[in-house]
Amino acid sequence: NTSLVLEKARKSGINVKNAIYFPFEKFPLVNDPKIIDFNENPKYDLLYGGTFRNGRREEDMIKFYFGYNPDKYNVTMFGKIDESNFTKNKEHLCFPKFEKGVDYKQFKQKMNQAVATVIIGDKIYKKQSDLAQRIYESILSNVVTFIDSSYDFEKRTYRDPLLRDFCYVSSASDVISRLEKLKDNAFRKKIVDLQIEDTKIDINLYCKGLYEILKREF
């Protein structure tokens with residue numbers, strides 16, 4: 001939402017000439033495009049890597065990562081985040097497990113140990129329709145990459161009809177129903193292969209697109 005970016009910038013006193021969208025969130029597809037091999041025996045059912053972000057994602061973390069039966073699902077969060085961070089509406093819900101963070105270079109290997117992850121975003125991300133690089137890091141990790149449907153509400157990430165139907169989720173119950181289907185490794189591999197194919201870019205054209213914007217504007 002470039003209009004919103006301009007509005008916020010100008011309200012803060014910055015004289016911005018223009019705001020132009022370029023999909024920088026896809027830079028993992030250029031910077032480190034190696035795809036991690038498909039994991040036949042993942043350790044985690046659902047995995048989240050990141051920080052608490054000063055509570056800006058607390059409600060959505062609880063919404064998508066709390067309340068799973070620990071005897072049935074291994075739900076884990078890793079990074080600069082632990083149980084003490086959470087204060088809202090979680091008294092009746094089972095907590096996920098927490099593990100220490102990993103070096104960024106090891107992120108894809110860590111994420112590859114999971115069946116799935118759910119991509120969530122801060123409220124300002126949602127308002128600005130601002131997608132995160134974590135989407136593409138997760139896809140390159142060969143993990144099923146669910147997306148909060150209130151986050152990428154325009155369904156910009158996926159074009160394939162199956163992915164659009166299967167990978168957008170609105171609740172933990174949506175995630176659980178899909179995790180059950182993903183117990184079939186053949187189906188899980190079909191989904192992750194589709195994700196990779198559906199989000200593939202031509203690196204030369206991607207870089208040329210940025211170059212053309214810079215050449216035109218400056």
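Phe-86 is buried, with a relative accessible area of 3%, whereas Phe-98 is partly exposed at 24%; buried means under 20% relative accessible area, exposed over 50% and partly exposed in between, for a 1.4 Å probe and protein chains only. This is a predicted model, in which local features need pLDDT of at least 70 and side-chain atom pairs count only at pLDDT 80 or more, while totals for chains, interfaces and linings use all residues. Residues are numbered from 1 along each chain as its sequence is written, and side-chain values use heavy atoms, with hydrogens and water left out.

The structure holds 14 aromatic pairs, a pair being rings of Phe, Tyr or Trp (its six-membered ring) with centres within 6.5 Å, called stacked if the planes are under 30 degrees apart, edge-to-face if over 60 and tilted otherwise. The rings of Phe-86 and Phe-98 have centres 6.1 Å apart and planes at 35°, so this pair is tilted. Because Phe-86 lies in the loop between strand S2 (75-80) and strand S3 (97-99), and Phe-98 in strand S3, the pair ties together parts that are twelve residues apart in sequence; helices (H or I, at least four residues) and strands (E, at least two) are DSSP runs, numbered from the N terminus. Both rings belong to a cluster linked by ring pairs, which also takes in Phe-52, Phe-66 and Phe-95.

Phe-146 and Phe-166 form another tilted pair, 5.9 Å centre to centre with 50° between the planes. Phe-146 lies in strand S5 (residues 144-148) and Phe-166 in helix H7 (residues 161-166), so the pair joins parts 20 residues apart in sequence. Phe-146 is buried at a relative accessible area of 0%, and Phe-166 also counts as buried, at 5%.

Arg-178 lies over the face of Phe-166, at 5.7 Å from the ring centre; a charge sits over a ring if NZ of Lys or CZ of Arg is within 6 Å of the ring centre and within 35 degrees of the ring normal. The charged end of Arg-57 sits over the ring of Tyr-125, 5.2 Å from its centre.
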